[in-house]
Amino acid sequence: MPELFKGGILEMSTEPLLPAGAVEPWSAYPLNRVAVVLTIVLLIVELLDYFRVFPHLLRCLPRWKGNVELEHSVSLARTRNTVALVAALIFVLTADYFSLVAPSFRLQVPPEWRLVVCAGLLAGMIIVRRLCYLATPMRSRTSEFASTMRHTIYNYLILLVSFMLPSALLLAAIGMDLSAARTVLIAEIAVFYLVHLIRSSQILHSRYGSLATILYLCALEILPVGILIFVCTL
(Lines give C-alpha, C1' and ligand atoms only; values in the text may rest on other atoms or scores of the structure.)
Protein backbone atom coordinates (compact mmCIF):
# COMPACT_ATOMS: atom_id res chain seq x y z
CA MET A 1 0.00 0.00 0.00
CA PRO A 2 2.73 2.65 0.80
CA GLU A 3 4.09 2.12 -2.71
CA LEU A 4 0.95 3.77 -4.11
CA PHE A 5 1.97 7.15 -2.66
CA LYS A 6 5.52 7.25 -4.02
CA GLY A 7 6.34 9.91 -6.60
CA GLY A 8 3.30 12.06 -5.79
CA ILE A 9 3.24 15.80 -6.72
CA LEU A 10 2.07 18.49 -4.27
CA GLU A 11 -0.32 20.75 -6.16
CA MET A 12 -0.98 23.14 -3.24
CA SER A 13 0.56 26.60 -3.18
CA THR A 14 3.73 26.91 -1.13
CA GLU A 15 2.73 30.50 -0.24
CA PRO A 16 0.15 31.33 2.44
CA LEU A 17 -3.09 32.31 0.77
CA LEU A 18 -4.80 35.61 1.59
CA PRO A 19 -8.46 35.46 2.69
CA ALA A 20 -10.97 36.07 -0.07
CA GLY A 21 -11.23 39.76 -0.86
CA ALA A 22 -8.15 40.65 1.18
CA VAL A 23 -5.33 42.81 -0.13
CA GLU A 24 -1.69 42.91 0.79
CA PRO A 25 -0.69 45.54 3.35
CA TRP A 26 0.81 48.82 2.13
CA SER A 27 4.24 47.86 3.46
CA ALA A 28 4.30 44.64 1.42
CA TYR A 29 5.15 46.44 -1.82
CA PRO A 30 8.88 46.90 -2.57
CA LEU A 31 8.54 50.47 -3.84
CA ASN A 32 6.82 51.56 -0.63
CA ARG A 33 9.46 49.91 1.52
CA VAL A 34 12.29 51.51 -0.42
CA ALA A 35 10.62 54.92 -0.20
CA VAL A 36 10.19 54.58 3.57
CA VAL A 37 13.82 53.54 4.10
CA LEU A 38 15.08 56.39 1.91
CA THR A 39 12.92 58.91 3.74
CA ILE A 40 14.08 57.67 7.16
CA VAL A 41 17.73 57.98 6.07
CA LEU A 42 17.18 61.53 4.81
CA LEU A 43 15.27 62.41 7.97
CA ILE A 44 18.19 61.26 10.13
CA VAL A 45 20.62 63.26 7.98
CA GLU A 46 18.48 66.40 8.27
CA LEU A 47 17.53 66.00 11.93
CA LEU A 48 20.02 68.57 13.28
CA ASP A 49 18.98 71.07 10.61
CA TYR A 50 15.35 70.45 11.53
CA PHE A 51 15.97 71.30 15.19
CA ARG A 52 17.95 74.35 14.12
CA VAL A 53 15.19 75.80 11.97
CA PHE A 54 12.14 74.65 13.95
CA PRO A 55 12.14 77.50 16.54
CA HIS A 56 12.13 80.01 13.67
CA LEU A 57 9.25 78.14 12.02
CA LEU A 58 7.19 78.35 15.21
CA ARG A 59 7.37 82.14 14.96
CA CYS A 60 5.55 81.87 11.63
CA LEU A 61 2.42 80.57 13.34
CA PRO A 62 1.39 83.66 15.33
CA ARG A 63 3.20 86.31 13.23
CA TRP A 64 3.39 86.80 9.47
CA LYS A 65 6.68 88.64 9.90
CA GLY A 66 8.23 85.38 11.09
CA ASN A 67 8.23 84.24 7.45
CA VAL A 68 9.99 87.44 6.35
CA GLU A 69 12.61 87.16 9.11
CA LEU A 70 13.37 83.54 8.21
CA GLU A 71 13.70 84.37 4.52
CA HIS A 72 16.00 87.29 5.36
CA SER A 73 18.59 84.85 6.74
CA VAL A 74 20.17 83.17 3.71
CA SER A 75 21.60 80.25 5.73
CA LEU A 76 18.32 79.59 7.54
CA ALA A 77 16.37 79.79 4.27
CA ARG A 78 18.67 77.22 2.64
CA THR A 79 18.37 74.94 5.65
CA ARG A 80 14.60 75.30 5.56
CA ASN A 81 14.54 74.33 1.89
CA THR A 82 16.39 71.05 2.47
CA VAL A 83 14.23 70.19 5.48
CA ALA A 84 11.12 70.97 3.40
CA LEU A 85 12.22 68.38 0.84
CA VAL A 86 12.24 65.66 3.51
CA ALA A 87 8.92 66.94 4.86
CA ALA A 88 7.47 66.66 1.36
CA LEU A 89 8.57 63.01 1.11
CA ILE A 90 6.99 62.25 4.49
CA PHE A 91 3.80 63.99 3.39
CA VAL A 92 3.62 61.95 0.18
CA LEU A 93 4.10 58.66 2.05
CA THR A 94 1.44 59.60 4.61
CA ALA A 95 -0.96 60.78 1.93
CA ASP A 96 -0.58 57.52 0.01
CA TYR A 97 -0.83 55.26 3.07
CA PHE A 98 -4.05 56.89 4.27
CA SER A 99 -5.38 57.55 0.73
CA LEU A 100 -5.59 61.29 1.36
CA VAL A 101 -5.12 61.88 -2.38
CA ALA A 102 -7.39 59.30 -3.95
CA PRO A 103 -9.06 60.07 -7.29
CA SER A 104 -11.08 57.23 -8.79
CA PHE A 105 -8.51 56.52 -11.52
CA ARG A 106 -5.95 55.74 -8.80
CA LEU A 107 -7.88 52.55 -8.06
CA GLN A 108 -7.25 51.40 -11.62
CA VAL A 109 -3.50 51.46 -10.99
CA PRO A 110 -1.85 48.34 -9.50
CA PRO A 111 -1.40 48.85 -5.72
CA GLU A 112 2.38 48.67 -5.95
CA TRP A 113 2.41 51.79 -8.17
CA ARG A 114 -0.15 53.94 -6.37
CA LEU A 115 2.58 55.78 -4.49
CA VAL A 116 3.84 57.05 -7.85
CA VAL A 117 0.36 58.34 -8.71
CA CYS A 118 0.06 60.13 -5.37
CA ALA A 119 3.52 61.68 -5.75
CA GLY A 120 2.72 62.69 -9.33
CA LEU A 121 -0.50 64.46 -8.36
CA LEU A 122 1.19 66.42 -5.57
CA ALA A 123 4.14 67.24 -7.82
CA GLY A 124 1.69 68.42 -10.46
CA MET A 125 0.15 70.84 -7.95
CA ILE A 126 3.60 72.24 -7.15
CA ILE A 127 4.34 72.66 -10.87
CA VAL A 128 1.04 74.49 -11.44
CA ARG A 129 1.79 76.73 -8.47
CA ARG A 130 5.24 77.46 -9.84
CA LEU A 131 3.81 78.34 -13.27
CA CYS A 132 1.35 80.71 -11.61
CA TYR A 133 4.22 82.47 -9.87
CA LEU A 134 6.18 82.71 -13.12
CA ALA A 135 3.26 84.63 -14.63
CA THR A 136 3.47 87.35 -11.95
CA PRO A 137 6.11 89.73 -10.55
CA MET A 138 6.54 87.18 -7.73
CA ARG A 139 8.86 85.22 -10.04
CA SER A 140 11.72 87.62 -9.21
CA ARG A 141 14.81 85.91 -7.80
CA THR A 142 16.30 89.14 -6.46
CA SER A 143 13.29 90.35 -4.49
CA GLU A 144 13.21 89.15 -0.88
CA PHE A 145 9.47 89.85 -0.79
CA ALA A 146 8.84 87.59 -3.81
CA SER A 147 11.08 84.89 -2.36
CA THR A 148 9.17 85.04 0.92
CA MET A 149 5.88 84.56 -0.90
CA ARG A 150 7.17 81.60 -2.92
CA HIS A 151 8.67 79.81 0.05
CA THR A 152 6.11 80.51 2.79
CA ILE A 153 4.38 77.25 1.93
CA TYR A 154 7.59 75.40 2.86
CA ASN A 155 7.40 76.76 6.40
CA TYR A 156 3.87 75.54 6.97
CA LEU A 157 4.53 72.22 5.24
CA ILE A 158 7.30 71.46 7.74
CA LEU A 159 5.08 72.53 10.64
CA LEU A 160 2.22 70.41 9.28
CA VAL A 161 4.39 67.32 8.95
CA SER A 162 5.76 67.91 12.47
CA PHE A 163 2.23 67.43 13.80
CA MET A 164 0.96 65.07 11.11
CA LEU A 165 3.67 62.40 11.38
CA PRO A 166 3.19 61.69 15.12
CA SER A 167 -0.59 61.69 14.59
CA ALA A 168 -0.32 59.25 11.67
CA LEU A 169 1.98 56.91 13.61
CA LEU A 170 -0.36 56.99 16.61
CA LEU A 171 -3.47 56.36 14.50
CA ALA A 172 -1.77 53.45 12.73
CA ALA A 173 -0.52 52.02 16.05
CA ILE A 174 -3.96 51.99 17.69
CA GLY A 175 -5.53 50.52 14.56
CA MET A 176 -8.05 53.31 14.03
CA ASP A 177 -10.43 52.82 11.14
CA LEU A 178 -8.89 54.15 7.92
CA SER A 179 -11.75 56.52 7.14
CA ALA A 180 -11.67 58.01 10.66
CA ALA A 181 -7.88 58.41 10.53
CA ARG A 182 -8.19 60.04 7.13
CA THR A 183 -10.68 62.56 8.55
CA VAL A 184 -8.29 63.48 11.37
CA LEU A 185 -5.35 64.00 9.02
CA ILE A 186 -7.39 65.99 6.49
CA ALA A 187 -8.55 68.24 9.34
CA GLU A 188 -4.90 68.87 10.30
CA ILE A 189 -4.03 69.67 6.70
CA ALA A 190 -6.98 72.07 6.46
CA VAL A 191 -5.94 73.92 9.64
CA PHE A 192 -2.34 74.46 8.55
CA TYR A 193 -3.38 75.38 5.01
CA LEU A 194 -5.78 77.98 6.44
CA VAL A 195 -2.97 79.43 8.56
CA HIS A 196 -0.78 79.50 5.46
CA LEU A 197 -3.43 81.42 3.53
CA ILE A 198 -3.95 83.92 6.35
CA ARG A 199 -0.24 84.62 6.77
CA SER A 200 0.29 84.81 2.99
CA SER A 201 -2.54 87.32 2.70
CA GLN A 202 -0.98 89.40 5.47
CA ILE A 203 2.37 89.38 3.70
CA LEU A 204 0.70 90.49 0.47
CA HIS A 205 -1.39 93.13 2.25
CA SER A 206 1.78 94.64 3.69
CA ARG A 207 2.62 95.81 0.16
CA TYR A 208 -0.59 95.70 -1.89
CA GLY A 209 -4.16 96.84 -1.47
CA SER A 210 -7.05 94.55 -0.53
CA LEU A 211 -8.17 93.79 -4.11
CA ALA A 212 -4.65 92.97 -5.35
CA THR A 213 -4.09 90.84 -2.25
CA ILE A 214 -7.22 88.78 -2.94
CA LEU A 215 -6.37 88.36 -6.64
CA TYR A 216 -2.78 87.32 -5.95
CA LEU A 217 -3.87 84.92 -3.22
CA CYS A 218 -6.47 83.26 -5.44
CA ALA A 219 -4.11 82.97 -8.42
CA LEU A 220 -0.98 81.88 -6.58
CA GLU A 221 -2.21 79.72 -3.70
CA ILE A 222 -5.88 78.81 -3.98
CA LEU A 223 -5.98 77.93 -7.69
CA PRO A 224 -3.30 75.15 -7.63
CA VAL A 225 -4.86 73.47 -4.60
CA GLY A 226 -8.32 73.88 -6.10
CA ILE A 227 -7.17 72.07 -9.25
CA LEU A 228 -5.77 69.22 -7.13
CA ILE A 229 -9.03 68.92 -5.19
CA PHE A 230 -11.00 68.91 -8.45
CA VAL A 231 -8.81 66.15 -9.90
CA CYS A 232 -9.31 64.10 -6.72
CA THR A 233 -13.08 64.24 -7.23
CA LEU A 234 -12.88 62.67 -10.70
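Four salt bridges are found when the whole structure is searched, a salt bridge being a side-chain nitrogen of Lys or Arg within 4 Å of a carboxyl oxygen of Asp or Glu. The structure is a predicted model, in which local features need pLDDT of at least 70 and side-chain atom pairs count only at pLDDT 80 or more, while totals for chains, interfaces and linings use all residues. Residues are numbered from 1 along each chain as its sequence is written, and side-chain values use heavy atoms, with hydrogens and water left out.

One of these salt bridges joins the side chains of E69 and R63, with an N to O distance of 3.1 Å. E69 has a relative accessibility of 40% and therefore counts as partly exposed, and R63, at 35%, also counts as partly exposed; here buried means under 20% relative accessible area, exposed means over 50%, and partly exposed lies in between (1.4 Å probe, protein chains only). A salt bridge is also formed by the side chains of E71 and R80, at 2.9 Å from N to O, and both E71 and R80 are buried. The side chains of R106 and D96 likewise meet in a salt bridge, at 2.9 Å from N to O. Because R106 lies in the loop between helix 4 and helix 5 (114-134) whereas D96 lies in helix 4, this pair ties together parts that are 10 residues apart in sequence. R106 is buried, with a relative accessible area of 5%, and D96 is buried as well, with a relative accessible area of 3%.

Helix 4 covers residues 74-97, and its 24 residues reach 35 Å from the first C-alpha to the last, close to the 34 Å expected at 1.5 Å a residue. The helices are DSSP runs (H or I, at least four residues) numbered from the N terminus, and the expected span is 1.5 Å times one less than the number of residues. Helix 4 is followed by S99, which has a positive phi near 55°. In the loop between helix 4 and helix 5 lies F98, which is buried with a relative accessible area of 5%. Leaving aside residues up to four places away in sequence, F98 touches A168, L178, A181, R182 and L185, where contact means heavy atoms within 4.5 Å.

The largest nonpolar core has 40 residues, and those with the most contacts inside it are L122, I158 and L185. Helix 2 (47-58), helix 4, helix 5, helix 6, helix 7 and helix 8 (210-232) each supply at least two residues of this core, and its largest share, 10 residues, comes from helix 4. A second, separate core has 12 residues, including C132, A146, L197 and I203. Such a core is a set of buried Ala, Val, Leu, Ile, Met, Phe, Trp, Tyr and Cys residues joined through side-chain atoms within 4.5 Å. When residues up to four places away in sequence are not counted, I158 touches Y50, L57, R80, V83, A84 and A87.

M176 is placed in the loop between helix 6 (144-173) and helix 7 (178-205), and M176 is partly exposed, with a relative accessible area of 34%.
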